[in-house]
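Here is a short report on a protein model. Look at the strands and the aromatic rings as you read.

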Amino acid sequence: MDHIIDAGQVEQHNAARRAALQADYDALGGMLSRRGVDIEALTAKAQTFAVAVPSWGVGTGGTRFARFPGRGEPRDVTEKLQDCAVIHQLTRATPTVSLHFPWDRPADPKALREQADALGLGFDAVNSNTFQDQPGQAHTYKFGSLTAQSQAAREQAVAHNIDCIELGKTLGSRGLTVWVGDGANFPGQHNLRGALERYIDSARAIYAALPADWLMYIEHKLFEPAFYCSTIADWGTSFAVAQLLGDKAKCLVDLGHHAPNTNIEMIVARLAQFGKLGGFHFNDSKYGDDDLDSGSIDPFQLFLVFNELADAALRDGAAFKPAYMLDQSHNVTDPIESLMSSAVEVQRAFVQAALVDRAALAGHQEANDALQAAQTLKHAFRTDVSPILAMARLRSGGAIDPVAAYRASGWREQAAVKRPPKAGASGSGIV
């Protein structure tokens with residue numbers, strides 16, 4: 001792997017913090033030992049965790065009103081990969097990148113894969129885009145893509161998704177994420193049943209083009225841009241479509257795409273129970289689809305999601321392999337710092353869920369002891385596993401404190417010199 005940040009700098013960073021980390025690690029290990037938990041086993045488990053980075057996440061995002069470009073933000077997909085490599089180098093938890101087409105369409109897919117290989121990165125699921133019209137596009141998506149009244153627009157959207165599959169095959173991906181903004185903003189704007197019928201017909205054409213070892217992830221979203229009704233608005237619709245399409249169709253759960261106060265962990269449990277949980281877009285939300293940093297608002301919900309995932313893994317064994325990806329928009333922070341922090345927070349929830357005393361929890365549930373059952377979960381959630389996460393990074397060649405190491409490296413300042421702003425070039429692609 002070619003290191004983006006000098007390895008000597010990272011080692012110097014770690015050397016100054018190694019003794020303090022060891023003391024914290026030993027103290028936590030003693031506490032866990034009294035609970036019958038082996039800290040070394042947990043650390044080894046933490047080292048297995050991986051979550052994909054979204055290519056668009058390393059650029060500055062925006063709102064419906066404005067975008068405020070950041071210094072040294074990536075201007076093309078090759079520069080995005082460099083930033084993604086920084087994140088993985090320091091966290092050792094983000095070995096794959098999820099690309100979005102046409103934002104990230106490479107002139108030479110094979111060359112892009114070679115660049116990723118040299119950086120120690122692979123490619124996760126690829127994402128199609130039929131929620132924006134692109135330059136030179138023959139048919140508009142203003143009134144829908146996979147659900148459009150226009151057959152020509154639907155065929156164009158299907159062809160784009162199949163093109164994404166072909167690009168993904170060259171890059172080594174094994175999945176396609178499909179999200180559409182299709183829906184209505186006014187009652188009566190379209191026939192609700194007819195729109196879903198058109199979506200299903202279009203999705204079947206995409207599904208038929210999937211290679212044997214690929215999955216199609218169907219993402220639902222409650223609102224925006226269709227504020228009256230989104231065609232794929234909830235997990236129930238996503239599940240029904242996935243069932244109709246076949247075994248290679250799964251449901252993607254984005255933590256921000258739900259109605260306020262929705263019990264997302266129950267959705268996770270239901271989809272896992274029926275074999276249709278494909279994976280996640282991790283972020284956080286206060287009011288709606290906010291795309292905030294993971295764990296920044298409701299870390300307990302994130303933990304409860306992983307508690308259900310841990311239960312599903314015990315029930316279903318090696319066959320249970322949901323895909324994990326971050327999906328965020330950064331307006332006031334350095335995107336690299338936010339993505340590193342989010343990767344750590346998702347990994348934290350993963351390790352905390354492994355701390356749950358499953359036997360004790362089952363016993364309290366069987367005894368209808370609601371309080372003790374809840375306290376069993378809280379006991380794991382309240383455990384500060386930061387030393388485990390830091391030790392996992394250290395042993396895997398990362399940084400004890402990724403954000404501190406990143407800031408000390410001067411990467412952003414260097415990028416600002418190497419990447420002067422270029423008109424029409426945005427690392428996010430969103431605005």
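F223 is partly exposed, because its relative accessibility is 26%. Buried means under 20% relative accessible area, exposed over 50%, and partly exposed in between (1.4 Å probe, protein chains only). F227, at 48% relative accessibility, also counts as partly exposed.

This is a predicted model: local features need pLDDT of at least 70, side-chain atom pairs count only at pLDDT 80 or more, and totals for chains, interfaces and linings use all residues. Residues are numbered from 1 along each chain as its sequence is written, and side-chain values use heavy atoms, with hydrogens and water left out.

**Aromatic pairs.** The whole structure holds 17 aromatic pairs. In one of them, the ring centres of F223 and F227 lie 5.9 Å apart and the planes meet at 40°, so this pair is tilted. Rings of Phe, Tyr and Trp (its six-membered ring) pair if their centres lie within 6.5 Å; planes under 30 degrees apart are stacked, over 60 edge-to-face, the rest tilted. Ring pairs also join F49, F280, F282, F306, Y324 and F350 into a cluster.

**Charges over rings.** Here NZ of Lys or CZ of Arg must be within 6 Å of the ring centre and within 35 degrees of the ring normal.

| Charged residue | Ring | Distance to ring centre |
|---|---|---|
| K248 | Y207 | 5.5 Å |
| K378 | F300 | 5.3 Å |

**The sheet.** Strands are DSSP runs (E, at least two residues), numbered from the N terminus. Two strands pair if DSSP finds at least two bridges between them. An open sheet of 3 strands runs in the order β1-β2-β3, with parallel pairing. β1 (53-54) and β3 (122-123) are at the edges with a single partner strand each, so one side of each has no neighbour in the sheet. β1 is joined to β2 (residues 96-98) by 2 bridges. P54 stands opposite S98 in β2.

Terms used
Helix = DSSP H or I, 4+ residues; strand = E, 2+ residues; numbered from the N terminus.
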